[in-house]
Each structure stands twice: as structure tokens, then as C-alpha cells.
Amino acid sequence: VKVIDIFIFNGYGELLLQKRAPRKTNQPGKYQNSVWWHANAYEDIDFTAMHECIEEIGAPLYIAPKQQDFQEAYKKLSPYIDKFVLAKKLSIDFRKKKFIDHKKEKHIIKDHTHAYIWLYSGSVTSIDRSSSGFERLTLEHLNQELEKNPQNYTPNMHLFAKEFENKFSTFIEKYCKYLSK
């Protein structure tokens, strides 16, 4: 299974969290990362990320193929970051996940996880209605909320907050300064 995990920061360094719709089978009403999706084996991951960006937040996306391309795009396009999403790959790895299906049977699946980090300061609109809202939090506030109200967040959000904390902080330091000056 290919999984796409997307983390969107605005120019103030706030992470966009998506609240899962109450009708969702898994983790209804809990906050998760900005955009999340399972891709079919035959789907191109970058195209799927672009498609989900439009569906879940209502904004077009540019994925920089290399770090150098991201830096160049950031230099030229950061004044327009409220009109489109600028993205780069954060990591690609494999994870084993245990889950229980609707028949209460235990399964272990291997996810081929593609994580992206994005910069976007525009408005957010869920076109596919898979969300019941959005919230933006600084990393400091997110960590406080994860401690204080862990039940409000998906298990993956807890995992990602720890796993990517240093990468998030570095990204914020380098790319989220232009609005906070």
C-alpha cells in the first residue's frame, strides 16, 4: 500500500491540521496531518499528491523534484505562496501497521509511506468533504495539545510529531520566516 502523508506549514510556521469527518470509519473527529491518502499501486505518487491537494484543501501544487529546485522556487515564488502550494519530499519509508477490520480480525500491512512538507499560506477549502474542519498550530502548541488532549489526535499524528520534529523545525526556520518578520 502506498500512503501519502502531507504536512502543510504557512509563513508563520503553523502546521495545518485536518479534523476527520465524524462519518469516517477510522478515527472520526480526530485531528491528523494536513492531507493523507492511500494511493493505488498503479498511481503516480506525485500526481496523487497534486490531486489530493486540490480535493482536500482546494489549492494547486508544485512539487520540487530536488532540494535545489525547491530552494530556487522558494526564492522566486514565496510572495505568491497564498495562491499555490510549494512542496518537497520529506521522506520515503516502509512501515508495518497493525489494524483491526470491521470483522474484528487483526491484520498487518506494509505501507510504503511518502511524506511531503509543504508551504502554503492561502485559504483552505475541503472540496471532497472528508474533513470537518482545519486548525493551524505552531509546533510548540501542537506538542502541548498532544500532551494535554491526546485523545483528540490520531495515533499517526502523535508518531509524526515526534518522528519529524527536527525536520519540521528546520523547515520552519529556513522557509517560514518571510511572513513573521
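1. Among contacts (heavy atoms within 4.5 Å) between residues at least 6 apart in sequence, 69% join residues at least 24 apart. Please keep in mind that this is a predicted model, where local features need pLDDT of at least 70 and side-chain atom pairs count only at pLDDT 80 or more, while totals for chains, interfaces and linings use all residues. Residues are numbered from 1 along each chain as its sequence is written, and side-chain values use heavy atoms, with hydrogens and water left out.

2. On the overall layout, the chain has 5 helices and 8 strands; these are DSSP runs numbered from the N terminus, with helices being H or I of at least four residues and strands E of at least two. Along the sequence they follow the pattern β-β-β-β-α-β-α-β-β-β-α-α-α.

3. Of the 181 residues in the chain, 43% are buried. Here buried means under 20% relative accessible area, exposed means over 50%, and partly exposed is in between (1.4 Å probe, protein chains only). The accessible surface of the chain is about 10200 Å², and 53% of that belongs to carbon and sulfur atoms; the areas come from the Shrake-Rupley method with a 1.4 Å probe, and for residues only the protein chains shown count as cover.

4. The aromatic residues deserve a look. Rings of Phe, Tyr and Trp (its six-membered ring) pair if their centres lie within 6.5 Å, and planes under 30 degrees apart count as stacked, over 60 as edge-to-face and the rest as tilted. By this rule there are 12 aromatic pairs. One of them is Phe9 with Phe168, an edge-to-face pair at 5.2 Å centre to centre with 65° between the planes. Phe9 lies in strand E1 (residues 2-9) and Phe168 in helix H5 (residues 165-175), so this pair ties together parts that are 159 residues apart in sequence. Phe9 is buried at 0% relative accessible area, and Phe168 is buried at 1%.

5. Phe70 and Phe171 have ring centres 6.0 Å apart and planes at 50°, so their pair is tilted. Because Phe70 lies in helix H2 (residues 67-77) and Phe171 in helix H5, the pair ties together parts that are 101 residues apart in sequence. Both Phe70 and Phe171 are buried. Lys88 lies over the face of Phe70, 5.5 Å from the ring centre (the rule asks for NZ of Lys or CZ of Arg within 6 Å of the ring centre and within 35 degrees of the ring normal). One aromatic cluster includes Phe9, Phe70, Phe168 and Phe171, and also Tyr74 and Tyr175.

6. Which residues of H5 are buried? They are Phe168, Phe171, Ile172 and Tyr175. These cover an arc of only 100° around the axis, which puts them on the same side of H5; the arc is that of the directions from the helix axis to the C-beta atoms. Asn166, Thr170 and Glu173 are exposed on the other side of H5.

7. Helix H3 (residues 139-148) has Leu139, Leu142, Glu145 and Leu146 buried. Seen down the axis, they fall within an arc of 120°, so they line one face of H3. Glu140, Glu147 and Lys148 are exposed on the other side of H3. The buried residues of H3 pack against E1, strand E2 (15-20), strand E8 (131-137), helix H4 (155-163) and H5.

8. Lastly, the cysteines. A search of the whole structure finds 0 disulfides (pairs of cysteine sulfur atoms within 2.5 Å). Cys53 is buried at 0% relative accessibility, and Cys176 is buried at 3%.
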